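User: I would like to go through this model with you. I will ask what backs each label.

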Amino acid sequence: MSKKIFYDRIKAMLKKNEKKKTIKQFQKHSGDTGSVEVQIGLLTKEIESLSSHLKKNPKDNSARRGLLFIVNKRKKLLKYLESKNETEVLKRVKEKIKTK
């Protein structure tokens, strides 16, 4: 199974209204749905959702694999923000998602 197909299956875990709320929280301007900040916010919500799922279903290895994939993708996006010297944006995003 390719990574894209696998990611699309995991991405469907967020409900439409949760996704809209998250986009609204992280967007820079109205209509912004694809910026790095929005992507990081959506990935964070998916991580939270998968984490709670794995607490209830500890033997679900495909979900565990998806979680690792999503965490890695968010890590890469945070590293990208850091490399662009956008320290205030990075600090604001980390504050919103409550990570180190």
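User: What makes a set of residues here the largest nonpolar core?
Analyst: The model is predicted. Its largest nonpolar core has 21 residues. Such a core joins buried nonpolar residues through side-chain atoms within 4.5 Å. I40, L81 and V93 have the most contacts inside this core. The helices α2 (16–26), α3 (36–56), α4 (61–83) and α5 (87–97) each supply at least two of its residues. With eight residues, α3 gives the most. As a general point, nonpolar side chains tend to be buried together in soluble globular proteins.

User: Which residues does L81 contact, leaving aside its neighbours within four places in sequence?
Analyst: L81 is in contact with V36, E37, I40, E86, V89, L90 and V93. Contact here means heavy atoms within 4.5 Å.

User: Why is E37 called buried?
Analyst: The cut-off for buried is under 20% relative accessible area. E37 has 4%, so E37 counts as buried. This residue lies in helix α3. V36, I40, L50 and L54 are among the other buried residues of α3. Not counting residues up to four places away in sequence, E37 touches F26, K28, L81, E86, V89 and V93.

User: Why does E86 count as partly exposed?
Analyst: Partly exposed runs between the 20% limit for buried and the 50% limit for exposed. E86 has 28% relative accessibility, so E86 falls in that range. E86 lies in the loop between α4 and α5. Leaving aside neighbours within four places in sequence, E86 is in contact with E37 and L81.

User: How many salt bridges does the structure hold?
Analyst: There are two.

User: What makes K28 and E37 a salt bridge?
Analyst: The limit is 4 Å from a side-chain nitrogen of Lys or Arg to a carboxyl oxygen of Asp or Glu. The N to O distance between K28 and E37 is 3.8 Å, so the pair qualifies. In general, side chains of opposite charge can pair when their charged atoms come close.

User: Are the two partners, K28 and E37, buried or exposed?
Analyst: K28 has a relative accessible area of 55%, so K28 is exposed. E37, with 4%, is buried.

User: What is the N to O distance for K45 and E48?
Analyst: It is 3.9 Å. That is within 4 Å, so K45 and E48 form a salt bridge. The two residues are three apart in helix α3, so about one helical turn separates them. Residues three or four places apart in an α-helix point the same way, because there are 3.6 residues a turn. K45 is partly exposed, at 33% relative accessibility. E48 is partly exposed too, at 44%.

User: How do you know that the prediction is confident, and where?
Analyst: Look at pLDDT, which runs from 0 to 100. The protein has a mean of 84, and 86% of its residues reach 70 or more. Among the elements, α4 has the highest mean, at 92. Helix α1 (residues 3–11) has the lowest, at 56.

Terms used. Residues are numbered from 1 along each chain as its sequence is written. This is a predicted model: local features need pLDDT of at least 70, side-chain atom pairs count only at pLDDT 80 or more; totals for chains, interfaces and linings use all residues. Side-chain values use heavy atoms; hydrogens and water are left out. Buried means under 20% relative accessible area, exposed over 50%, partly exposed in between (1.4 Å probe, protein chains only). Helices (H or I, at least four residues) and strands (E, at least two) are DSSP runs, numbered from the N terminus. pLDDT is the predictor's confidence in each residue, from 0 to 100.
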